[in-house]
Every structure is written in structure tokens, then in C-alpha cells.
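Here are my notes for your next look at this one. Please keep the coordinates open beside them as you read.

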Amino acid sequence: PKNLPLTGKKVVVTAGPTRERIDPVRYISNFSSGKMGYSMAEAAASLGAETILISGPVSLDKPAGVKIVDVESAAEMFEAVRAEYHDATIVIKSAAVADYRPAEIHTQKIKKSDDDDSVIELARTTDILQTLGEWKEDQVLVGFAAETENVIENGKGKLQRKNLDYIIVNDVTDPGGGFGSDTNVVTLISKNGTYHPYSSMPKKELATVLLQEIVQEEGLDTNN
Ligand code: PMT
């Protein structure tokens, strides 16, 4: 039916931060609340999609009608996304994945030493989105870009470099949006060059607007 354009289609969404363990009591993470990703998943479900939400640690209520896969680290998120990728119609990477993890996870709690300074060695995590771009068959691949400067240029660079179909760029210094906020300010850019700036609006509303735009540009609203 036209009003439920994603019926029979699988949409995979990632949300929230990842946690990269340092030792049994400490980790590296970021301020993502998961609100943007959970809103994207709710929007997908409300458009009829079989929706898989791969979630880092957040304290949000589980959305109805969505299958949740809970993960902690970037490595676990990568495994979960990989398992769902092949037959997905749309994949939306809203998660704020850590770019680095501690090179070594200490098995015991690290003790204070007599030195005033201490160093944690870091190693790169897998860039999940980049890898999905390399593996892409006919999935519609949607990335987010969290930027603090040269927002549009940096976003377009990620769109091309990661072989994406769309990138949703947010200036995370904008007071109308970003990490933790109930609202967001984004620009949706497609690989075909279409460009849609949206002013600040609730993430829940914005998610539906973004997904409807993508569905329309992909012709998914006329195919069934
Ligand atoms: O969760 P909220 O509090 O609601 O905040 C929403 C948000 C600001 C986190 C969200 O709107 C957002 O921008 N998410 C992407 C954050 C991010 O990690 O952006 P990035 O520019 O560092 O990464 C670009 C893209 O690559 C993202 O789609 C990210 O999921 C992906 N990535 C990054 C690193 C990595 N190792 N693997 C990835 O897949």
C-alpha cells in the first residue's frame, strides 16, 4: 500500500554510542543518547518495514514493533550489522561508533601509579560504514556525519569516500540539535547531488521526514 511503502522490506538501523573497555570498570565512549537512531527505527517501522535496531548502551524505552539487538563495543556492532546486511533494503548508520579502542583491555582494574601521568594506547576500530560501502550490493546505504567545522564539505567527503547513497550531516555544535538533544538540525545529501537542509525539529518528526524523502528518491513508494 502506498501509505506503508516499506512493507515487506528490511531496514537496519544502528543507534547510540559504543563503549570500548579499558579495564573491568572503565571505558571510552561519547555523548550519543541514541535518540536519533531510535527515532529512525520508529519511523522505519511506522512505514511498514521489518526493522532491526542495533543499539549501543542507551537508556531509552524499546520502540514497539522493532527487533532490538543490544551491543556494547564497535566490534560487536560490526558483527551484528554484518549479520543483517545482506538482505537489507535500507541501512541507516546513526550510531556514534568509537573510532579508537584501547589497544589492550586490562583484565584487572588499573591501579593508580606514582607517576602523575599515564597513557592509554589506542588502536583503530573497524570503520563499519566504510566496510558496508565496500560490500554494497543493492542496499541503500545511509550514513550520518557528526561535524563541528566545514560541515557540508566534510559530509560530502564521507558520502563519496564511503560509497554511500545518502549522508545526513549534522553540525553537532548547533544549539538546535546534536548529541543528547530532543531536536536536530541536519542536511540530507544524496550521491545524485540532491540537497535538503532542514531547520531544527524534534528527532522523531525529522526521522520520518528524512526516511520519506529517501523512500521517494529511491522510488520505493511506487514499487509495490
Ligand atoms: O544519539 P543522539 O544523542 O540522538 O545524537 C545523534 C547523533 C549526533 C549521534 C547522530 O545524529 C549522528 O550524527 N550520528 C553519527 C555520529 C558519528 O559517529 O559520526 P561520524 O562522522 O564520526 O561517522 C560517520 C559515519 O560513519 C556514521 O554513520 C557512523 O555511524 C559511521 N562509523 C563511524 C566510525 C566507525 N568506526 N564505524 C562507523 O560505521
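A word on handedness before the points: a crossing is called left-handed if the near helix is turned anticlockwise from the far one by less than a right angle, and right-handed if clockwise. Helices (H or I, at least four residues) and strands (E, at least two) are DSSP runs, numbered from the N terminus.

1. What you have is a predicted model, in which local features need pLDDT of at least 70, side-chain atom pairs count only at pLDDT 80 or more, and totals for chains, interfaces and linings use all residues. Residue numbers start from 1 along each chain as its sequence is written.

2. Helix 1 (residues 35-46) and helix 5 (residues 203-217) have axes that come within 8 Å and cross at roughly 50 degrees. Helix 1 is therefore oblique to helix 5, and the crossing is right-handed. Axes here are lines fitted to C-alpha atoms, for helices over the stretch in contact, with angles from 0 to 180 degrees between N-to-C directions. Angles under 35 degrees count as roughly parallel, over 145 as roughly antiparallel, 65 to 115 as roughly perpendicular and the rest as oblique.

3. On the helix 1 side of that contact (C-beta atoms, placed from the backbone, within 7 Å) are K35, M36, S39, M40, E42, A43 and A44, which meet K203, K204, A207, T208 and L211 of helix 5. By class, this contact has 6 nonpolar, 2 polar and 4 charged residues. Ala, Val, Leu, Ile, Met, Phe, Trp, Tyr, Cys and Pro count as nonpolar, Asp, Glu, Lys and Arg as charged, and the others, Gly among them, as polar.

4. Helix 2 (residues 74-85) packs with helix 3 at about 25 degrees, the axes 11 Å apart, so helix 2 is roughly parallel to helix 3. M77, F78, V81 and Y85 of helix 2 make the contact with I128, L132 and W135 of helix 3. The residues there are 7 nonpolar, no polar and no charged.

5. How many residues surround the ligand? There are 27, and the closest are S33, K35, I128, L129 and F144; the test is a C-beta atom, placed from the backbone, within 6 Å. Helix 1, helix 3 (128-135) and strand 9 (140-147) each give two or more residues to this shell, and strand 9 has the largest share, 4 residues. The shell divides into 12 nonpolar, 10 polar and 5 charged residues.

Conventions: Two residues are in contact if their C-beta atoms, placed from the backbone, lie within 7 Å.
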